[in-house]
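Please keep the sequence and the structure in view while reading.

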Amino acid sequence: MAVNLVNVEQVSKVYGTRALLDGVSLGVSEGDRIGVVGRNGDGKTTLIRMLAKLEEADTGRVTHNGGLRLGVLTQHDSLDPKATIRHEVIGDLADHEWAGSAKIRDVLTGLFGGLALPGFEHGLDTVIAPLSGGERRRIALAKLLIEEQDLIVLDEPTNHLDVEGISWLAGHLRARRSALVCVTHDRWFLDQVCTRMWDVQRGVVHEYEGGYSDYVFARAERERIAATEEAKRQNLMRKELAWLRRGAPARTSKPRYRIEAANELIADVPPPRDTSELMKFANARLGKTVFDLEDVTVQAGPKTLLTHLTWQLGPGDRIGLVGVNGAGKTSLLRALAEAARTQGEEQPAAGKVVVGKTVRLAYLSQEVHELNPNLRVLEAVQQVRDRVDLGKGREMTAGQLCEQFGFTKEKQWTPVGDLSGGERRRLQILRLLMDEPNVLFLDEPTNDLDIETLTQLEDLLDGWPGSMIVISHDRFFIERTTDKVMALLGDRALRMLPRGIDEYLERRQRMEEAATPSAAAPRSSAAPAAPAVSAQASRAAKKELQKVERQLDKLSTRETTLHKQIADNATDFEKVAKLDAELRELVTERDELEMRWLELAEDA
């Protein structure tokens, strides 16, 4: 039988006039792996802080098992700014001691890319004070994971980690024996790590078995049942209220139990939900050309990030862009955005970017500093425009749109500087969409957004009729909103990955193994080196690669159409035979093109 580690009994917590948690009772046992979800501000962080006894409950109690070894990662670390990474993470262990520990080697390699900490100028001897928030957070996480615990409590552990880091962390936590309670908006991570879910909603915590996907199904079923019960209750409530209101003289003569029954029906009706509805805006039509890049070089200061890049972003293309930190993902978007802003006059360091005449670009950057902190929310929206066309003859004012995005009338007069990170992100998205763009560049759009807002954003992007490039470490978001994944692997080239992020992780692992001296095979003098591909041949291969990709897209569309036609004409055997013959030819052609794509990818 699993030992109970933490008990939460009838805990309540109030901030100002708002009850974040109301009579919550929960337990954490050995082996539990619990994911905590809910909207921003609903009390997720408060719940786990009270669970870890970092914050006192107003009522109720939290008890820990005697001798509980507890590790906590909060959103604000307690690292000593004067100390070095070595002192905080490894402590007083000698080099031969920590280097001989498989766990320490695994953690340092997984979080920092190697035992020498290649991202830090002085490696382990780097002083913490000048480091960024993201670097400090990785150090705090490494310090926590190196130690042994019975229970680990993590608040947004995937923040500031790239796709590889998140994948490593999921595998590491699965292999640990420690119990886990984790708040995160990364749904792929929740599915990989968690076996139970806590959903924090309006002061109450609902428990579900399974990971995130299981939780979505179970919650949908619970809400369906609740909706059925609500419909029955509403019907009964209308009858009761109608009976009570049949005139003033009759009202006082009704039996008291009937009045009490009606009051009970009204008393537990929940308040209206504060939804942040994301809607489809009217869009300007795109022409055939969106962005054409030919032999482009992208630089960030003196550093060259991409060379000889020949690529085309076409109308309706939905690209997920992944890659190692510093490989040039954001720099590429900035170069394209600058070319669009100046109508092609501002060009990159080398090569040419052709921008379509009909392109209307909206660029969501990682930062929120472009929002004036002194402006009110409504004023920030009205800066873009006062009204927006939603299509089909519908129009909305800036104030109405603010309400649809979760900014109530009172909240609309809040200074932007007083908004939370998630609220500012939501405001940024609203401002972008109000300008009715037909091309979207989204750089880490999931930062600071809760899962409910993320799913609403995904629903919007599902029906997005324009072109889109998304940079994100949120694997679930990338796979949900884009059709192709392209990668920057740090070799100054852009590559398409037919198998998506799984292929990216495999390639990165092979690159790391090849870079490790022990993994490198000794060269045989008898085996001649493969001839290097010339720059001209490489550029030609990239051009043909783009052409093959467009042909594959057309074949995929035609294949879908043929399958539908075969299903629609299932009783017409002659027509089905013709369609089937065409389908077979198409599949053969597709296989040949895919082989050609692989050959070109090697040359490119």
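In this predicted model, six strands form an open sheet with mixed pairing, in the order E5-E6-E7-E3-E8-E9. Strands E5 and E9 stand at the edges; each has a single partner strand, so one side of each is left without a neighbour in the sheet. On average, neighbouring strands of this sheet are turned by 15° against each other, direction ignored. Strands of a sheet pair through backbone hydrogen bonds, either parallel or antiparallel. Strands E3 and E7 run parallel and are joined by four bridges. Within this pair, Gly-35 stands opposite Cys-182 in E7.

Helix H5 packs on the sheet, where it touches E5 and strand E6. The direction of H5 makes about 170° with that of E5.

The following table gives the residue ranges of several elements.

| Element | Residues |
|---|---|
| Strand E3 | residues 33-38 |
| Strand E5 | residues 70-73 |
| Strand E6 | residues 151-155 |
| Strand E7 | residues 179-183 |
| Strand E9 | residues 204-209 |

Two further helices concern burial. Helix H1, residues 44-51, is mostly covered, since six of its eight residues are buried. These are Lys-44, Thr-46, Leu-47, Ile-48, Met-50 and Leu-51. After H1 comes Lys-53, whose phi is positive, near 60°.

Helix H15, residues 451-462, contains Glu-458. Is Glu-458 buried or exposed? Its relative accessible area is 1%, and because buried means under 20%, Glu-458 is classed as buried. Leaving aside residues up to four places away in sequence, Glu-458 touches Arg-187, Phe-476, Phe-477, Arg-480 and Thr-481.

Terms used: Residues numbered from 1 in each chain as written. Predicted model: local features only at pLDDT ≥ 70, side-chain atom pairs only at ≥ 80, totals over all residues. Heavy atoms only, no water. Helix = DSSP H or I, 4+ residues; strand = E, 2+ residues; numbered from the N terminus. Buried < 20%, exposed > 50% of the residue type's maximum accessible area, 1.4 Å probe, protein only. Contact = heavy atoms within 4.5 Å. Pairing = 2+ DSSP bridges. Axes fitted to C-alpha atoms, helices over the stretch in contact; angles between N-to-C directions.
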